[in-house]
Amino acid sequence: MKRGFTLVEMLAVITLLGLLALVIVPATEAVIASLKNDSYEAQIETLKTGLKNWSAEHVLKMPGNEGEYIETTLAQLKKEGFIEVEFRDPRDNKCFNNNTILRVTKTSESYQYEVVGTITTTDVCEVE
């Protein structure tokens, strides 16, 4: 008695594996893309946290009237040690541009912290 698989059985297994790959690969890619976007949003929140800490150190510079704002750059936050020197975009693993503008705006009851400059990325992290 011979042992082993017939050609038909092997083709059936290969076909099933191919169908599974067609279903699993796109779903996995979508999950990975979603996680990278979530990580990017977390990086933006880290920038805002650094901006809040910078603001606490520069209280006298903070705007006093509603609608007024003060801006700084990513390079300034790096220079003063409020964020990591190497700040990378998780979607493409490139460094954030040091000229990225961060703004603190006075609202009626508090301050609003935001990244307003276009975040372009570079291949090489700039250290100032």
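Colleague: Which residue is the bridge partner of Leu102 in β5?

Modeller: That's Val115. Keep in mind that we're looking at a predicted model.

Colleague: OK. And how do β4 and β5 run, and how many bridges join them?

Modeller: They run antiparallel, with 5 bridges joining β4 to β5, and β5 covers residues 111–115. Another of the pairings puts Lys106 across from Tyr111 in β5.

Colleague: What joins β4 to β5?

Modeller: A hairpin, which gets from β4 to β5 through 4 residues.

Colleague: What about β1, which strand is it joined to?

Modeller: To β4, again antiparallel and again by 5 bridges; β1 is residues 69–73 and β4 is residues 101–106. In that pairing, Glu71 stands opposite Arg103 in β4.

Colleague: In what order do the strands sit in the sheet?

Modeller: The order is β1-β4-β5, an open sheet of 3 strands with antiparallel pairing. β1 and β5 are the edge strands, and each has a single partner, so one side of each has no neighbour in the sheet. From one strand to the next, the twist averages 20°.

Colleague: Where does α1 lie?

Modeller: Across β1, β4 and β5, and α1 runs at about 130° to β5.

Colleague: Switching to rings. How many aromatic pairs does the structure hold?

Modeller: There's 1. Tyr40 and Phe96 are the partners, and they're stacked: the centres are 6.2 Å apart and the planes make an angle of 10°.

Colleague: Why does that count as stacked?

Modeller: Because stacked means planes under 30 degrees apart, and this pair has 10° between its planes.

Colleague: Which parts does the pair tie together?

Modeller: Tyr40 is in helix α1 (residues 7–57) and Phe96 is in strand β3 (residues 94–96), so the pair links parts that are 56 residues apart in sequence.

Colleague: Is Tyr40 buried or exposed? And Phe96, buried or exposed?

Modeller: Tyr40 counts as buried at 14% relative accessibility. Phe96 is buried too, with a relative accessible area of 1%. The cut-off for buried is under 20%.

Terms used
Residues are numbered from 1 along each chain as its sequence is written. This is a predicted model: local features need pLDDT of at least 70, side-chain atom pairs count only at pLDDT 80 or more; totals for chains, interfaces and linings use all residues. Side-chain values use heavy atoms; hydrogens and water are left out. Rings of Phe, Tyr and Trp (its six-membered ring) pair if their centres lie within 6.5 Å; planes under 30 degrees apart count as stacked, over 60 as edge-to-face and the rest as tilted. Helices (H or I, at least four residues) and strands (E, at least two) are DSSP runs, numbered from the N terminus. Buried means under 20% relative accessible area, exposed over 50%, partly exposed in between (1.4 Å probe, protein chains only). Two strands pair if DSSP finds at least two bridges between them. Axes are lines fitted to C-alpha atoms, for helices over the stretch in contact, and angles run from 0 to 180 degrees between N-to-C directions. Contact means heavy atoms within 4.5 Å.
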